[in-house]
Amino acid sequence: MFEATRLNRKNETRQKLFRLGLGAMTGLLILPVVLILSTLIYKGAPVISFEFLFTGPTKGMTAGGIFPALLGTVLLVMVALIASVPLGIAAAIYLSEYASDNWFTRAINLAIINLAGVPSIVHALFGVGAFVIFFKFGTSILAASLTLAIMTLPVVIVATRESLQAVPMAFREACWNMGATRWQTIRRVVLPNAVTGILTGVILEVSRTAGETAPIMFTGAAFFLPLLPQGVFDQTMALSLHLFVVSTQVPGMPENLPFGVALVLISMVLLMNSLSIALRMYLRGKKKW
Amino acid sequence: MVKLGVSDLRIRYGGVTALEGVNFDIQEHEIFGIIGPANAGKTSFLKAVNRMDMFDPAMKVDGKIVFNNVDVSRIRNVYGLRRRIGVVFPLPVGLPLSVYDNVALSPRLGGQKNKAELDVIVERCLTRAALWDEVKDRLDSLGSMLSGGQQQRLTIARALSQDPELLMLDEFSIAVDPVTTMRIEDVLKELRSEVTIILVTNLVQQARRLADRTAFFLEGQCVEVGVTEDLFTGEVQDQRTRDYVEGRFG
């Protein structure tokens, strides 16, 4: 009664083949990540030390540490966040909670998607034109951060909008029926339940911002600076650009040093990403409805 | 005294008429039942009373709804209107706030900040909604984590916290067990001395148990309005009402 027919066996074989094939593809996917990380750790780890992290480069960058670059990246990310997070969240709240569905809103949404697709080098040129020249910020932390902010704005907007829209409509309606205004509803019911999702988006933005090179190259990041920046109108060194410089621009570079820089950079990004994953898991565990 | 007067009400979504030909007056302290099958326009009616058409660009309301002798379409402060009208939905909506905050939300929206006052309001409303004894030891736990029946009583407590003059219940027993349904019905009977109640229900017998008068909506028409008992004893004007009440369709 339950004998396998020829068709059954054929289907079974086919299913095994597909399972194997799809599994192999997935394995292939992990391979580069593992290779990159293991190479970086193998070659970069010996370089890492307290001194490496907290002193400046010496001897034409072929020795010493990366502190100015590390500090610069942190500064760039912070200023970029200060600019983009309030703006992005405000825009997302408007789009999700206030805007009615018409051609104008659809155009804005399209613009946001397109903004996400603009190559970073184009953002860099825009940054030069707008912030460095037009607003006369010069090549500075401010100009570079604002360029980064504009580039990562879509990340914040989309993440915020999604987490706002994950809050069930019934909650809003219950609130409106009580005589709450739209803003009271957002403030008391919608935002508190979306905040973890928004935070995840912000952290993703941090890791994206920290790694970018092109947008800051012409707008505020310097090849080498003997002094730390004193304010947002100064130039700064940055990890990503420093990595580019030590890997390609300086003759006589010790082999391990660029790997050390790369390891620090990728550790920062991975740390941020794992933070966002942890946050998401926490959020799922605390799902309130 | 007429609490809510409705004349020539017509509700459309886009080009489609959802409800028309509604004419009746609801008296103060009356339980007014609205029965009818799905898609009869019952929920649309409630939305129109509460001016929720504001949130739905497709929804158009013509005709007149008069609440406390004021035409609701002319009320500028719709928030004030909605605060006087409590609404309970078919599916219980416990907001993802603590039990306490769920009930305190409306007074807080109205500007009440005094903790002692809020405590009094929360206890009173939960007691009147027959929920206090079950939740008094866990006012801090999430309202959205209560059982369905408890959540529905929580939403009633929340509606009562508005100190409403009119309470509108939209098929409140749809997701609630029979025991809880009977408890809520008892609550409603007690409330009648203080508030006017519109009871939309898909249970014909529930209307019979509670409502003084009942309207029968069918396919976007108000077919008949009458003293509830008359609808059940055959004193109807329209054959369709009799058929529906006696369970021949719907």
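Leaving aside neighbours within four places in sequence, A:Val79 is in contact with A:Ile141, A:Leu142, A:Ser145 and A:Val232, two residues being in contact if their C-beta atoms, placed from the backbone, lie within 7 Å. This is a predicted model, in which local features need pLDDT of at least 70, side-chain atom pairs count only at pLDDT 80 or more, and totals for chains, interfaces and linings use all residues. Residues are numbered from 1 along each chain as its sequence is written, while chains are lettered from A and ligands numbered from 1 in the order in which they are written.

A:Val79 sits in helix H3 (residues 67–98) of chain A; helices (H or I, at least four residues) and strands (E, at least two) are DSSP runs, numbered from the N terminus. A:Val79 counts as buried because it has 21 C-beta neighbours inside 10 Å. The cut-offs behind that label are 20 or more other C-beta atoms within 10 Å for buried, 12 or fewer for exposed, and anything in between for partly exposed, with C-beta atoms placed from the backbone. A:Gly44, 35 residues away from A:Val79 in sequence, is 29 Å away in space, C-alpha to C-alpha.

Chain A as a whole has 11 helices and 2 strands, arranged along the sequence as α-α-β-β-α-α-α-α-α-α-α-α-α. Of its 289 residues, 38% count as buried.

Turning to chain B, the average pLDDT (the predictor's confidence in each residue, from 0 to 100) is 90, and 100% of the residues score at least 70. An automatic or database domain assignment divides chain B into domain 1 (1–84 + 164–250) and domain 2 (93–163). Their C-alpha centres lie 25 Å apart, and their contact takes 11 residues from domain 1 of chain B and 12 residues from domain 2 of chain B.

Between the chains, 19 residues of chain B are in contact with 16 residues of chain A. On the side of chain B that touches chain A, helix H2 (78–83) and helix H3 (99–109) of chain B each give two or more residues, with H2(B) giving the most, 4 residues. For the complex, the predictor gives an ipTM of 0.88 and a pTM of 0.83.
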